[in-house]
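Visitor: I am new to this structure and would like to be taken through it slowly, one question at a time.

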Amino acid sequence: MLKTKQVLQIFIFLAIFREKIYGREFIRCPDLDGIHRDAASFLDFILSSRLSCGTKCTEYKDQCWSYAWNGATKQCMLFSDRCSTEFITDQHQNNWVHYKVQVLFDIAINKTAVQSSTFENNAADGAVDGNRGTDLKEDFCTHTGENDTNPWWRVDLQAVYHITAVRILNRGEDNYGFDESHRLQNVTVTVGLLSSSINTICGFFPGPGTLSQLVVIECPTLPMGRYVKISKTTEFLTLCEVDVFGVKV
Ligand SMILES: [Ca+2]
């Protein structure tokens with residue numbers, strides 16, 4: 001059981017070492033205080049403050065996933081990696097602090113989902129219910145209806161994020177031994193600010209999927225939006241679970 005003092009220390013840690021700049025949240029790397037990796041930076045600057053170093057990182061949002069700031073020398077280094085174990089200890093290590101961009105995961109879980117049509121009881125919320133079973137009959141997976149040749153599924157994240165990736169858990173074999181995993185193919189993921197306009201491309205999965213495959217679709221342009229949509233142009237879209245990764249705006 002945590003004592004009051006420990007709780008207070010954790011609270012102070014979170015309060016001090018989180019900062020939000022232009023929609024990107026930075027958090028101090030927990031295991032890397034006091035070390036940096038000058039060989040790994042892609043840019044470095046002399047700047048006036050740690051805040052301006054973080055701001056620089058936001059200017060290179062497609063490349064910069066962490067930064068290190070030296071308060072004594074005012075050096076700022078930008079990295080294309082998140083916190084890593086492959087760091088080089090610096091001779092002035094105590095002056096360096098390293099921050100990473102905090103990417104939130106599971107931002108879709110238990111959020112409201114809808115789909116273009118529904119087969120039997122395989123409703124849209126089966127992809128965000130936290131149940132990661134992949135037997136369509138036994139578990140909670142989504143399934144669009146027959147004759148729906150433009151099936152889609154959509155989740156409302158209830159806040160705006162820069163989406164970094166979407167992960168789809170494909171259906172597995174069911175009790176009857178059927179394998180329909182190949183239906184997960186030519187899948188497009190889009191992002192939008194309005195439910196009526198979800199057109200910014202995140203990425204594409206050509207497939208075909210395999211049984212219980214965990215498909216990761218990266219969003220290299222970090223599209224911004226509140227809604228994530230998964231669609232295809234042939235019959236039947238089935239999703240056993242969808243995880244959305246993003247940085248809160
Ligand atoms: Ca599920």
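Guide: Helices (H or I, at least four residues) and strands (E, at least two) are DSSP runs, numbered from the N terminus. Residues are numbered from 1 along each chain as its sequence is written. This is a predicted model, in which local features need pLDDT of at least 70 and side-chain atom pairs count only at pLDDT 80 or more, while totals for chains, interfaces and linings use all residues.

Visitor: How many helices and strands are there in the protein chain?
Guide: With helices and strands taken as DSSP runs, the elements of the protein chain can be counted. The count comes to two helices and 13 strands.

Visitor: What is the mean pLDDT of the protein chain?
Guide: The pLDDT is the predictor's confidence in each residue, from 0 to 100. Over residues 7–16 the pLDDT is below 50, and beyond near neighbours in sequence this stretch has one contact in the model, two residues being in contact if their C-beta atoms, placed from the backbone, lie within 7 Å. Where pLDDT is low, the predicted coordinates should not be read in detail. In the protein chain, 82% of the residues reach 70 or more, and the mean pLDDT is 84.

Visitor: Is Glu120 buried or exposed?
Guide: A residue is buried if 20 or more other C-beta atoms lie within 10 Å of its own, exposed if 12 or fewer, and partly exposed in between, with C-beta atoms placed from the backbone. Glu120 is found in the loop between strand 7 (112–115) and strand 8, and its phi is near 50 degrees, a positive value in a residue other than glycine. Because Glu120 has 9 other C-beta atoms within 10 Å, it counts as exposed.

Visitor: In which loop is Pro208 placed?
Guide: The peptide bond from Gly207 to Pro208 is cis, with omega near 0 degrees. Ser212, whose phi is near 55 degrees, is found in the loop between strand 10 and strand 11. The place of Pro208 is in the loop between strand 10 (200–205) and strand 11 (214–218).

Visitor: Why is strand 6 largely enclosed by the rest of the structure?
Guide: Trp96, His98 and Lys100 point one way from strand 6, whereas Val97, Tyr99 and Val101 point the other way, and all are buried. Strand 6 (residues 96–101) is therefore largely enclosed, the number of its six residues that are buried being six.

Visitor: Which residue stands opposite Val97 in strand 6?
Guide: Two strands pair if DSSP finds at least two bridges between them. Five bridges join strand 4 (residues 66–70) to strand 6, and the two run antiparallel. The residue opposite Val97 is Trp69.

Visitor: What separates the C-alpha atoms of Val155 and Val228?
Guide: Val155, in strand 8, is buried, with 25 other C-beta atoms within 10 Å. Leaving aside neighbours within four places in sequence, its contacts include Ala108, Val128, Val228 and Val242. Although Val155 and Val228 are 73 residues apart along the chain, their C-alpha atoms are separated by 5.5 Å.
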